Amino acid sequence: MAETVVGGVRLHYQRLGVEGAPLRAVFVHGLVMDNLSSWYFTVANALAAFADVVLYDLRGHGLSERPAQGYREAEMVGDLCGVLDATVGDAPVVLVGNSYGAFLSVRFALRHPDRVAGLVLVDGHLGDSDFGERMAATLSLQGDEADNAIAASFQNWLGRHSARKRTKLGDMARALVNDTTLVRDLRATPPLTAADFERITAPALALYGESSDLLSRSLPVVARMPHCTVRVLPGCTHSILWEATNEVKTRIVDFCREVQP
């Protein structure tokens, strides 16, 4: 099992494909009920046919360590930076982020523009106004409200038919929400402005579901990115990675072929 330690936290990662290839892609998964497997079983292997691919578990997720604190934006972006240092080095990469992973990818691009060759935002949270409060409110749901929200989000998840996988993922999610500073740290996230998005000059692809609750608030934001192409997938919600896996995979592979050196 490949691991690296960033800021004292042990992070698990996997590397696929053609090590040292001109195109390097790093996949960043979503928050709480997610880990690197969501990318492994959908898009990453297709890209690994011609790219150097890295996937990693965010701190507190999957096989990475779950510290009691340290889930602020700066620390999470620092983790991504550390994983890159340990794998592909400082060469520019295409960052592929789903949901909260898109949020981290955008923040990384603002802090390290020279290290980003492209961005793919899959129904991404973008960290605009009131992001922290909205995320904290969702993660603070209890009882039936929490169960209904989880069921809605994961109705198309590949592991939904396995009671063991559901239980394990649910237990890890509860520990992350209840036993760490995650919710408090999210609430303290400083929002981005339109001017911030105008500074992201790397080529970008933004994919959103037609019925995603993020669509209306995200379109004006990504429109401020000078080189961002937006595609809205009909009939999909926030879970487009599960609902339209083949189309998402095809669009990401095509985008990466266009931006590869």
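1. Strand β2 (residues 9-17) runs antiparallel to β4, and 5 bridges join the two. Gly17 has Asp52 as its bridge partner in β4. Strands here are DSSP E runs of at least two residues, helices are H or I runs of at least four, and both are numbered from the N terminus. Two strands pair if DSSP finds at least two bridges between them.

2. This is a predicted model, in which local features need pLDDT of at least 70 and side-chain atom pairs count only at pLDDT 80 or more, while totals for chains, interfaces and linings use all residues. Residues are numbered from 1 along each chain as its sequence is written, and side-chain values use heavy atoms, with hydrogens and water left out.

3. β4 also pairs with strand β3 (residues 24-28), in the parallel sense and over 4 bridges. Val26 has Val54 as its bridge partner in β4. Together, β3, helix α1 (residues 37-47) and β4 make a right-handed β-α-β unit. Right-handed means that, with the strands pointing away from the viewer, the path from the first strand over the helix to the second runs clockwise.

4. Buried means under 20% relative accessible area, exposed over 50%, and partly exposed in between (1.4 Å probe, protein chains only). In a regular strand, side chains alternate between the two faces of the sheet. Asp52, Val54 and Tyr56 point one way from β4, and Val53 and Leu55 point the other way.

5. Val32 sits in the loop between β3 and α1. Val32 is buried, with a relative accessible area of 9%. Leaving out residues up to four places away in sequence, Val32 touches His61, Leu139, Ala173, Leu176, Val177 and Leu182. Contact means heavy atoms within 4.5 Å. The C-alpha atoms of Val32 and Met172 are separated by 7.9 Å, although the two are 140 residues apart along the chain.

6. Thr42 lies in helix α1. Thr42 is buried too, at 7% relative accessibility. Beyond residues up to four places away in sequence, Thr42 touches Leu241, Trp242, Thr245 and Lys249.

7. The structure holds 1 cavity of 30 Å³ or more. On a 1 Å grid over the protein atoms alone, a cavity is a set of points where a 1.4 Å probe fits but cannot get out, and lining residues have an atom within 4 Å of a point. Gly124, His125, Leu126, Asp128, Arg134, Leu214, Arg217 and Ser218 line the largest cavity.

Key. On a 1 Å grid over the protein atoms alone, a cavity is a set of points where a 1.4 Å probe fits but cannot get out, and a pocket is an open set with protein on both sides within 12 Å along at least five of seven lines; lining residues have an atom within 4 Å of a point. Grid points are joined across faces, edges and corners, and a volume is the space filled by probe spheres set on the points.
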